[in-house]
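This report describes the fold of one protein chain. Please keep the sequence and the model at hand while reading.

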Amino acid sequence: VRYHSNEEPKMTAVCHCSHCQKQTGTAFSVLVCVRADSIHYYEQASLAEYTDSGESGAAVHRHFCNHCGSPILSLADSMPGMAFIKAGTLDDISWLKPTAHVWCSSAQPWVDIPTDAVQFPRGSQG
């Protein structure tokens with residue numbers, strides 16, 4: 001899967017929710033949030049989708065590569081029009097500096113969250 005977006009991120013964050021932990025197979029997911037309609041695909045292997053539900057009960061559509069299984073992005077019904085790109089799928093992440101940590105209440109105890117980082121115990125709404 002190859003894609004691009006010329007849009008500046010609305011947010012960059014580290015998500016510590018249990019769903020991201022399971023999807024990534026590790027302690028958190030690093031996300032880049034852009035408008036969903038700003039993403040354009042150059043090469044698209046067939047994307048598969050798993051529909052999960054967030055804390056609110058609203059659907060979270062998790063898209064991943066049907067060939068290699070890499071998570072690509074998530075679309076949350078609670079934030080219509082926004083896409084949460086999995087940062088590990090970017091060609092260059094050298095510029096990335098997450099601006100927030102969300103779902104800190106479910107962060108693994110061995111993960112050190114910088115004390116000066118913006119932190120939310122749950123989603124970005126608090």
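How many helices and strands are there in the protein? There are 1 helix and 10 strands, where helices (H or I, at least four residues) and strands (E, at least two) are DSSP runs numbered from the N terminus.

## Basis of the model

This is a predicted model, in which local features need pLDDT of at least 70 and side-chain atom pairs count only at pLDDT 80 or more, while totals for chains, interfaces and linings use all residues. Residues are numbered from 1 along each chain as its sequence is written, and side-chain values use heavy atoms, with hydrogens and water left out.

## Overall form

From the N terminus on, the order of elements is β-β-α-β-β-β-β-β-β-β-β. The C-alpha atoms fill a box of roughly 40 × 30 × 25 Å along the principal axes. The radius of gyration, taken over C-alpha atoms, is 14 Å, which agrees with the value near 14 Å for a compact globule of 126 residues; the globule rule is 2.2 Å times the number of residues to the power 0.38.

Of the 126 residues, 37% count as buried, meaning under 20% relative accessible area with a 1.4 Å probe, protein chains only. Contacts (heavy atoms within 4.5 Å) with a separation of 6 or more come to 50% from residues 24 or more positions apart.

## The sheet

Two strands pair if DSSP finds at least two bridges between them. An open sheet of 8 strands has the order 5-6-7-8-3-2-9-10, with mixed pairing. Its edge strands are strand 5 (47-53) and strand 10 (118-119), each of which pairs on one side only.

Strand 5 pairs with strand 6 in the antiparallel sense over 7 bridges, and Glu49 stands opposite His63 of strand 6.

## Two hairpins

Strand 6 (residues 59-65) and strand 7 (residues 71-76) are antiparallel over 5 bridges, with Pro71 of strand 7 as the bridge partner of Phe64. These two strands form a hairpin with 5 residues between them, and Gly69 in the turn has a positive phi of about 85 degrees.

Strand 7 also runs antiparallel to strand 8 (residues 82-86), joined by 2 bridges. Here Leu73 has Ile85 in strand 8 as its bridge partner. Strand 7 and strand 8 form a hairpin with 5 residues between them; in that turn, Gly81 has a positive phi of about 85 degrees.

## Surface

The protein exposes about 7,400 Å², and carbon and sulfur atoms supply 52% of it. This area comes from the Shrake-Rupley method with a 1.4 Å probe.

Notes
Buried < 20%, exposed > 50% of the residue type's maximum accessible area, 1.4 Å probe, protein only.
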